[in-house]
Amino acid sequence: MNRRALLFALLLTLAGPAIARVGSGQHYSHSSSSSGSRSSSSGSRSSGSSSWSGGRSSSWSGSSGSSSSGSSSGIPYSGPSADPWILFFFGHPLFTLALIGLVFVAWRSYARSFGATASTQRAFEEADGREVGPPSAREVTAWVDALRASDPDFDLVTFLDQVKALFLRVQAAWSGGDLAPVRRDLSDATFQRFRVQLELLRAQGVRNVTADMAVLDLHPAGLERTSAFDTLDVRIRAQARDADVPVALSPEQAMEKARRAPLEPFVEVWSFVRRPGTRSRKDGVLPAGKCPNCGAPFDGGAAGNCGYCGAIVNSGAYDWVLAEITQGVEAGSAPLEVPGLDALRAEDPALSLEVLEDRTSLLFWAWIDGESRGEPGRMAKLGTAEFLSEMTADLAGLRSRNRARVFLQAAVGSVAVRAIESGPATVLAHVEIRWSARMGVVPVGASPGTLATLPQRWIFTLSRKAGVKTDQARGMATARCGNCGAPLGDSVQPTCDHCGATLNDGAHDWVLARSEPFEVWAARARSEAAPAAAAPAPRAGRDTVLDAAERQRLLYTMAAMAAADGKVDDREKRMLKLCAERWGVPYENVEMALSADPALFERLVPPPGPGAEAFLHSLVQIALVDGKVDRQERRMLEGAAARLGLTPKLPELLARFGLG
Ligand SMILES: [Zn+2]
Ligand SMILES: [Zn+2]
């Protein structure tokens, strides 16, 4: 055997552990990419929130890929022929020492160039792997005591039994494509979400069927009490098989197909709200088929109104209502302070963030519905006249190019009011929505093909006339006429189908004035120098970049910037790949996004000026997550700054973070 080959083999053997160590970072992105494809097949399950979970879900579908490619590549060389080598080294001690020194130097320089990658990766892996553990028994007892103070009959075991039963009923209603049986248990936005998701699936010619659904465990995850509502979060761990099947299949055939799908575990946090002071029923179970207010027969019809006493059954005034379904991460995070909230509450004491956020979800789902169908009329009762005409023009522009937007498996990660701005005539509420969808811009009528799941961070700006008060009786029933309380009809008129009141001018309820990506909004907020709407504080920002979905979003934005000039060269690709590795984002998805229609990105590229600055700010925060900016990260930042036209601003920005 030739000596040089032997040396080479030895080098590989010794370098093996180093490769494996760095390569072990890969296993995260591997497993998260496989879980990503898992969620893309099951993301449409009732909540759809599993598709939001994207990278996050790796925490439970976790370490299956730990047999990393790195270590195995070293193994063939260290195989059965190892013995003669050992004899060789014993026979040549000086040579062996020199060789060890050489290998050490090589390893050092290797580790140095990749060490920072590892530390950035580790920071993200730790954050992603951070399981929100169950609350202590003491915390739970404190929550139960707090609820019992005004509702002595509240019983936790009974409540959790009800949640479990509702969970299974919702899954069944979803699979069966008929939500009527659970309508009374859902807030209007939650109902709208399920309805739009079902209809979008139907428009694709498929329906989602689940089999072997089982709740593995559930426990309370948090209690929040405001003057308007009590919110009780329940963390549910469940498993199921699911499949998207052609609508034409018979129920038996569909079930057959679902049964062949793999059994997948998933976690969801269900948030229930009700008015403070609501009393639990002694028997613990809502009388089915009866109005919770007057006891008259009530079949849970689409309106949600009792025909006898007029009570709005899903307002939260009679029982817990399912207001939101999220991934555990968001539900656990502490609420941010909302600038301008106290000032507005002084004039409108019944104003509640729960209702405002439910209304925003409702607007979001109507918007997804309208965008997917190319029918802006679906927003007629919910958006300002100006918003509607912009949306109409935008969709007409797409259609004139024979294009349509597709949103598959849209899912909301979180909805949070960020700021309230009170003007003399109008009040604006800026609400952040983190969501995701497999989206694309495709020729009208064409099959969407393979689409990347794109995480998004948008600000929906709601407006209402100054002096308007929140109607407490409607509570979580947010899809109603603000004048007469009738459910919003399906007509494309901006008026109430029942009483004729104008609904799109904000005279009765919040309407959508703008919907835009976070950077676009941040740019506007800064250029208008409105302090209330200023971009979030750096601390909140750090928590944000620790979120896997947010990192994915930033990486896609980088890809969008690279693709903006029509081609992505090798250097740009290498940079994107490096970022993907460091940030724990599967690169295949980036590549998929790069090969999509460039129109997909048109709304993602940060606009010049403050929007671009906000984006660069986020990139610095990402680089800094391990406490330092290394050489490669600095090069990445310089590249991005050049792309954004911010080269002169970068030193100033770095200085702000204490970096020279
Ligand atoms: Zn009634
Ligand atoms: Zn009306």
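## Basis of the description

Because the model is predicted, local features are reported only at pLDDT of at least 70 and side-chain atom pairs only at pLDDT 80 or more, while totals for chains, interfaces and linings use all residues. Residues are numbered from 1 along each chain as its sequence is written, and chains are lettered from A and ligands numbered from 1 in the order in which they are written.

## Overall composition

The protein chain contains 22 helices and eight strands. Helices (H or I, at least four residues) and strands (E, at least two) are DSSP runs, numbered from the N terminus. Of the 660 residues, 44% count as buried. A residue is buried if 20 or more other C-beta atoms lie within 10 Å of its own, exposed if 12 or fewer, and partly exposed in between, with C-beta atoms placed from the backbone.

Among contacts between residues at least 6 apart in sequence, 75% join residues at least 24 apart. Two residues are in contact if their C-beta atoms, placed from the backbone, lie within 7 Å.

## The sheet of E1 to E4

An open sheet is formed by four strands in the order E1-E2-E3-E4, with antiparallel pairing. Two strands pair if DSSP finds at least two bridges between them. Strand E1 (206-225) and strand E4 (321-326) are at the edges with a single partner strand each, so one side of each has no neighbour in the sheet. On average, neighbouring strands of this sheet are turned by 30° against each other, direction ignored. Axes are lines fitted to C-alpha atoms, for helices over the stretch in contact, and angles run from 0 to 180 degrees between N-to-C directions. Helix H7 (residues 137-150) packs on the sheet and touches E1 and strand E2 (230-246), its direction making about 80° with that of E1.

E1 and E2 run antiparallel and are joined by 16 bridges, and a hairpin connects E1 to E2 through four residues. Pro220 stands opposite Val234 in E2. Strand E3 (residues 264-274) and E4, also antiparallel, are joined by five bridges; Phe272 has Leu322 in E4 as its bridge partner. Asp212 lies in strand E1, and its phi is near 55°, a positive value in a residue other than glycine. Asp212 is exposed, with 12 other C-beta atoms within 10 Å.

## The sheet of E5 to E8

Four strands form another open sheet, in the order E5-E6-E7-E8, and the pairing is antiparallel. Strand E5 (403-422) and strand E8 (511-517) stand at the edges, each with a single partner strand, so one side of each lacks a neighbour in the sheet. E5 and strand E6 (residues 426-443) run antiparallel and are joined by 16 bridges; Leu408 has Arg438 in E6 as its bridge partner. Helix H13 (residues 353-373) packs on this sheet, touching E5, E6, strand E7 (453-465) and E8, and its direction makes about 155° with that of E5.

Asn402 is found in the loop between helix H14 (385-400) and E5. The phi of Asn402 is near 60°, a positive value in a residue other than glycine. Asn402 is exposed, with 11 other C-beta atoms within 10 Å.

## Helix H17 and its partners

H17 lies across E5, E6 and E7, running at about 100° to E7. The axes of H17 and helix H18 (residues 570-583) come within 11 Å and cross at roughly 180°. H17 and H18 are therefore roughly antiparallel to each other. Angles under 35 degrees count as roughly parallel, over 145 as roughly antiparallel, 65 to 115 as roughly perpendicular and the rest as oblique. The contact joins Arg551, Leu555, Met558, Ala559 and Ala562 of H17 with Glu572, Leu576, Cys579, Ala580 and Trp583 of H18. By class, this contact of H17 with H18 has eight nonpolar, no polar and two charged residues. Ala, Val, Leu, Ile, Met, Phe, Trp, Tyr, Cys and Pro count as nonpolar, Asp, Glu, Lys and Arg as charged, and the others, Gly among them, as polar.

The axes of helix H17 (residues 548-563) and helix H20 (residues 610-623) come within 11 Å and cross at roughly 125°, which makes H17 oblique to H20. Arg551, Leu554 and Thr557 in H17 meet Phe615, Ser618, Leu619 and Ile622 in H20. By class, the contact of H17 with H20 has four nonpolar, two polar and one charged residues.
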